[in-house]
Each structure stands twice: as C-alpha cells, then as structure tokens.
Amino acid sequence: MIAAPLTDDLRTLYQEVILDHGKHPRNLRIVEHHTCKAQGNNPMCGDRVTVTARVSPDGVLEDVAFEGKGCAISIASASMMSEALAGQKVAVAHQLFTAVHDLCVGKIDADQAKATVAADLGDSIDKLASLSGVRQFPVRVKCATLPWHALISCLDGKPQTTTEK
Amino acid sequence: MNKKLVKTAAYDVTKVRADFPILAREVHGKPLVYLDSAASAQKPRQVIEAISRAYSHEYANVHRGAYYLSETATTAYEAAREKVRRFINAARLKEVVFTKGATEAINLVAATWGRSFIKAGDEIVLTAVEHHSNIVPWQLLRDATGCVLRIAPVAVNGSIDIQEFAKVIGPKTKLVAVAHVSNVLGTVLPVREIAELAHAAGAKLLLDGCQGIVHEYVDVQDLGCDFYVFSGHKLYGPTGIGILWAREALLEAMPPYQGGGDMIDSVTFAKTTWAPPPAKFEAGTPPIVQAIGLGAAIDYLNTLDRAAVAAHESALLRYAMTSLAQVPGVRLIGTAPGKAAVQSFVMEGAHPHDLATVLDRSGVCVRAGHHCAQPLMEILGVNATTRASFALYNTMGEVDALIAALRKAQEVLL
C-alpha cells in the first residue's frame with residue numbers, strides 16, 4: 001500500500017505548536033496553595049483534567065496549572081491555557097474561554113477573537129488559535145474545550161464539570 | 001476459536017463483501033476500512049431488504065390479529081423468535097424474550113429476578129473485564145438491596161484464570177454475571193468452568209453474549225448458563241433489538257419488567273394477571289421490524305459456512321497481531337490464547353483519540369477510548385486504547401491498510 005499524502009486539515013490540527021504543548025505540557029502540576037480546583041471529564045473518551053488555580057484577593061490569577069491524561073489536543077489546550085492566563089484577571093479568563101470556544105467551533109477567526117480581548121492578549125490569541133484546527137473535526141472540539149470548562153468551573157467554585165453539558 | 005468450528009479451506013470474502021453495500025463507499029476519498037464491528041456490525045443487503053420488505057408489504061401491529069396484515073406481521077415476528085431459538089439452541093421458544101438491546105436485557109434481569117431473589121449480603125460475582133452494561137445494572141441492584149459485588153481478576157495478558165475466579169465465588173454467591181467474550185481484549189472466558197463453579201455454589205450464571213454470539217458457536221444448553229443476552233446490531237442485524245434467553249423456570253418465577261399492553265392475561269382495576277413468558281416481558285408494541293431484521297441476519301449467517309467464517313476471522317486476528325507488533329512503539333493489549341478477533345493496542349507517544357482521528361482520514365474506522373470498560377482500563381493502567389475489531393467481511397488487505405495508516409499517524413503525531 002502506498003501512503004497517500006497527508007491531508008491539510010490533519011496538518012492544521014496537529015501543527016507544531018500543538019504537538020509541542022501536547023508532548024511537553026507546561027504547568028503540568030498542582031498549584032501550591034491553590035484557591036480553587038475542578039475536574040473536567042469527557043465521558044465519551046474517559047479523559048480527565050484537573051485544573052488548579054490561585055486567585056489573589058483582587059481577582060488576579062497568580063498561577064494556573066493542570067494535571068490529567070488526555071489526547072494531544074486536550075493536553076495542548078490545557079498547557080496553552082495555563083500560560084495564557086498566568087497574571088491575568090479572572091474576567092480575562094472568561095473572555096478567553098469564549099474566544100477559544102468560538103474559535104474551535106468555527107464561529108470566529110483569530111482576528112475576530114483579538115477584537116474581543118485586550119490588545120496585550122494578541123500573542124495569546126495567536127497561539128490559542130492553533131486549536132481552531134478542530135473545527136474540521138467536530139468530535140474533537142470537546143477535547144480542545146475540556147480544560148477551559150474545568151477552568152471556569154474552578155473559578156466558579158464548582159468541583160466537577162463534564163463536556164456533556 | 002471454538003472446537004466445534006473445524007477449519008475449512010474455502011471462504012470467499014469477496015463474495016461476502018458484495019453482500020454489504022456500505023463496504024463499497026469511500027470515506028474522505030479513501031476506501032472504507034471498517035474495523036469497528038465490535039461496536040456495531042455493518043448490515044448485509046439481505047437484512048436491509050428484509051426490513052424494507054416488512055415495512056413495504058407486511059407491516060401492522062402484532063398480536064392484534066383480526067386482519068390479514070396483522071396476522072402476517074405477527075407470523076414474521078414470531079418466526080424471528082424461532083430463528084433465534086434455533087440459532088442458540090434454546091430448548092423452548094418461550095425462553096426467547098425480545099428486548100430493545102443487550103443493555104435492556106441485563107437491566108431486565110437485575111430489575112426482576114434480582115429484586116425478587118437477591119437480598120442484603122448476597123454476593124454477585126463479575127469479572128474485571130466487564131462492559132459498563134454488565135456492571136452498572138448490578139450496582140443499581142446493590143444500592144437497592146444491599147447485596148455485595150465481587151470482582152474476579154484478569155491476568156496481564158487478558159486471561160481469566162479459573163483458579164483465581166474460584167476464590168471469588170463463595171456460599172453467599174447468588175449470581176455470576178460475566179462476558180462470554182471481552183469487548184476490549186477479545187478474551188473468550190472459560191464459561192463452562194465458570195458455570196460449574198457457579199452452580200456448585202448454588203448461584204445462577206448470566207452471560208453477556210454481545211461479542212460471544214458473533215465469534216463463538218453458542219448453544220445455551222451446552223454452555224450451562226441460566227441467562228444469555230445479546231444485541232442484534234453486533235450480529236449484522238438492526239439496532240433496537242436484543243435477546244434475553246433464560247431458562248423457563250426462571251422466567252416463570254420472575255415478575256414482569258414493565259407493565260403495559262401485550263404482557264397481560266387480563267386487566268381489571270382490582271387485579272391484573274400476567275401473560276406467560278415471553279409476552280410477560282414484552283410490554284407495549286415490540287420492535288417488530290427490528291426482530292424481523294435480526295431473523296434475516298440469522299438467516300444470512302446460516303447461508304455461510306460458520307466454521308469457515310471462524311477460520312477467516314482467526315486468520316485475520318493472527319495477521320493483525322503479528323503486523324501490529326511490528327509497528328514501533330505499539331503494545332498489544334489482550335493476548336489471551338484462543339481469543340476472538342478483537343485487538344486493542346496502545347502506541348507510545350500517541351493518544352488513541354489522536355490515532356483514531358488520523359486513521360479516519362485514511363478511511364480506517366477504529367474505536368478509541370475506554371470501550372465502556374473504565375474499570376478494566378484502570379486495571380490495565382491505561383486511560384484508553386485503540387481497538388480494531390474484525391468481522392466476517394474484513395480482509396488481509398484491510399489489516400495492511402490499518403498498518404499503513406498507523407505508520408502515517410506516526411509521521412503526523414510523533
């Protein structure tokens with residue numbers, strides 16, 4: 001059997017930045033003295049991710065980290081999320097969640113996402129936009145958004161969430 | 001493979017494939033390579049046509065037979081029951097109950113026989129390889145009755161050791177409920193030995209035959225079980241139909257599962273009496289055409305040399321195991337001797353979901369995930385596996401396509 005050339009949408013889905021974060025996740029740990037913690041489950045595949053964060057009294061995410069097992073997409077998403085949010089206000093976390101969600105379902109592109117957030121988040125959006133390759137793979141959207149759902153639950157003080165909401 | 005299925009030489013897989021219209025289609029511009037039959041099998045033209053014919057020419061509600069069409073539909077529905085009876089060699093037609101699937105069949109047993117005969121402190125023995133559908137109904141029963149679930153262990157290669165199994169059975173065991181064949185590992189459980197152990201302890205044996213009915217020759221009298229359940233859609237039939245077979249005395253002793261039409265003898269507001277089995281367990285309008293479709297699937301299987309089918313599947317499995325083992329970083333999960341044509345594996349550095357996504361773009365359909373067996377995944381120390389399962393229509397060339405797609409996936413993911 002002759003190997004056919006790889007399709008472009010696979011290359012888009014598994015681009016370098018995703019594979020890098022998937023194989024070498026940043027902030028794969030538990031936040032010391034975390035103020036909140038939540039577990040996200042994807043019952044379809046059994047993937048689990050636990051997000052911990054330390055929020056200062058004035059609402060700044062001082063540290064965000066995660067633990068769990070999952071596919072390249074969910075791990076890369078969690079890793080990039082933890083980097084993007086360190087030092088940001090809780091309100092920004094909600095903005096980025098919406099931006100990532102809309103990017104992944106194909107509702108907006110990176111430029112439109114940038115318009116929804118502060119100017120200094122442009123670089124983060126560029127990175128997070130690499131997740132939008134999932135838009136060609138509907139069943140994988142939940143992989144990309146799972147850590148974000150866990151993060152929002154964490155910030156909302158809910159210990160558990162699921163992609164099947 | 002089963003001893004009764006003696007190997008024969010000739011098996012024309014090309015001819016068999018021609019019976020399955022979907023196999024001619026392409027996915028993402030590639031020929032479909034369907035390796036997920038353990039989740040649900042594709043349907044032969046004979047089944048599709050039987051369903052179409054039933055709706056086009058013979059459809060009416062059953063058991064209301066004051067007119068010709070209803071009588072025709074009833075005859076076809078009951079003929080399907082007889083086909084199932086013969087297929088599993090049940091002693092009596094009334095022992096064959098139509099359900100909407102294997103899950104419902106197990107829930108039926110748990111809710112009726114279980115609620116009637118299982119008490120606090122009684123023990124139900126399962127194995128570590130069970131599908132969620134043979135775990136959760138018993139947990140619900142445990143929560144309702146206070147009974148205890150005990151779990152027989154699985155060996156590293158996926159075997160169930162009968163000596164280890166025996167240690168879990170005791171005087172309090174009232175039911176042993178195990179898979180005939182594991183949907184994750186392909187292990188064929190030593191069900192006759194398990195039946196002896198169960199009966200020696202005075203317990204009943206339920207076999208989850210979803211995979212077993214596909215890959216093994218099933219004779220419920222010979223197996224020595226008390227309940228045997230399976231679904232139609234894994235046996236090349238439609239979804240929405242399953243079978244509960246149970247010994248007549250058990251069905252007689254069990255209360256009804258659901259109340260409604262068709263399951264009664266007479267109804268007054270003061271007292272209702274039940275119809276005898278199987279009607280007692282078939283409340284409401286049953287899945288009529290689905291039953292007819294299952295009957296057609298059995299007819300289809302009966303046209304094939306089942307020993308040749310078994311030999312073909314066995315050869316596919318051997319070739320797949322050898323080929324997979326040669327892919328760098330691949331580890332086979334489930335290598336029990338005599339196993340059925342279901343092969344799980346993991347690949348170093350690649351999550352099963354990522355693998356399945358890349359394979360799909362090559363037209364190769366595999367299952368990735370926990371296979372509704374999360375407790376087993378935990379025991380195996382993996383979060384998920386990739387599973388290729390083989391059916392009577394698969395070819396050696398499709399094994400090659402799987403391997404080629406896996407190597408391509410390594411290019412993308414590693």
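Student: How many salt bridges are there over all chains?
Tutor: This is a predicted model. A search of the whole structure gives 27 salt bridges.

Student: Which residue does B:D262 pair with?
Tutor: B:R64. Their closest N and O atoms are 3.2 Å apart.

Student: What does that pair tie together?
Tutor: Parts of chain B that are 198 residues apart in sequence, because B:D262 lies in the loop between α10 and β11, and B:R64 in the loop between α2 and α3. B:R64 is partly exposed, at 35% relative accessible area.

Student: Switching to B:K83. What does its side chain meet in a salt bridge?
Tutor: The side chain of B:D299, at 2.8 Å from N to O. B:D299 sits in helix α11 and B:K83 in helix α3, so parts 216 residues apart in the chain B sequence are tied together.

Student: How accessible is B:K83?
Tutor: Its relative accessibility is 24%, so B:K83 counts as partly exposed. B:D299 is partly exposed too, with 33%.

Student: What about strands? Where are B:R150 and B:E123?
Tutor: B:R150 is in strand β6 and B:E123 in strand β5, 27 residues apart. They form a salt bridge, with 3.6 Å between the closest N and O atoms.

Student: Is B:E123 buried or exposed?
Tutor: Buried, at 12% relative accessibility. The cut-off for buried is under 20%. B:R150, at 32%, is partly exposed.

Student: Now chain A. Which residues do shared partners join into one network?
Tutor: A:D20, A:R26, A:E83 and A:K127. Salt bridges link them.

Technical notes
Residues are numbered from 1 along each chain as its sequence is written. Chains are lettered from A and ligands numbered from 1 in the order in which they are written. This is a predicted model: local features need pLDDT of at least 70, side-chain atom pairs count only at pLDDT 80 or more; totals for chains, interfaces and linings use all residues. Side-chain values use heavy atoms; hydrogens and water are left out. A salt bridge is a side-chain nitrogen of Lys or Arg within 4 Å of a carboxyl oxygen of Asp or Glu. Helices (H or I, at least four residues) and strands (E, at least two) are DSSP runs, numbered from the N terminus. Buried means under 20% relative accessible area, exposed over 50%, partly exposed in between (1.4 Å probe, protein chains only).
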